[in-house]
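Grab a pencil and take a look at the fold below.

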Amino acid sequence: MRPLTHPAIEDVTVTGLLHALSDPIRVQIFKEIMGSDSPRMCSEFLNTLGRTIPKATLSQHFKVLREAGLIRSERIGVKVQSTARHEELEPRFGQMIASILAAYSAEFDT
């Protein structure tokens, strides 16, 4: 298996964050991981936003979130668990991520 790569916080870009958060499925995944007290498994998101997400598509969403620097993933046997990196990102990006998530909530929760 290939190792999971994570960018250093200083290598995270606004462009990468905006790309990762441009998809409602990825936003929902990130919000749920961010709101969790424990790491979340990829398979927990097979049904997201009322849709069944194919495993390959779900893996791609997690890869985009990880490569953008929003989540940190760790292999545990054949499973992958992820945590949010929002505490690391906040000093550099301030409230930008929270503002994006709030805008999605306002748009889709109405």
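Here are the ground rules, then the exercises. This is a predicted model, where local features need pLDDT of at least 70, side-chain atom pairs count only at pLDDT 80 or more, and totals for chains, interfaces and linings use all residues. Residues are numbered from 1 along each chain as its sequence is written, and side-chain values use heavy atoms, with hydrogens and water left out.

**Exercise 1.** Work out in which order the elements of the protein chain run from the N terminus on.

*Solution.* Start with the tally: the protein chain has five helices and five strands. These are DSSP runs (helices H or I, at least four residues; strands E, at least two), numbered from the N terminus. Then read along: α-α-β-β-β-α-β-β-α-α.

**Exercise 2.** Find which residues of helix H2 are buried.

*Solution.* Take buried as under 20% relative accessible area (1.4 Å probe, protein chains only). Go through residues 24-34, and you get Ile 25, Arg 26, Val 27, Gln 28, Ile 29, Phe 30 and Ile 33. Now check the start of H2: a side-chain oxygen of Asp 23 comes to within 2.8 Å of the backbone nitrogen of Ile 25.

**Exercise 3.** Classify the one aromatic pair in the structure.

*Solution.* Rings of Phe, Tyr and Trp (its six-membered ring) pair if their centres lie within 6.5 Å; planes under 30 degrees apart are stacked, over 60 edge-to-face, the rest tilted. Phe 45 and Phe 62 have ring centres 5.7 Å apart and planes at 55 degrees, so the pair is tilted. Finally, both Phe 45 and Phe 62 are buried.

Conventions. Buried < 20%, exposed > 50% of the residue type's maximum accessible area, 1.4 Å probe, protein only. Polar contact = N/O pair within 3.5 Å; in protein donor to acceptor, adjacent residues only side chain to side chain.
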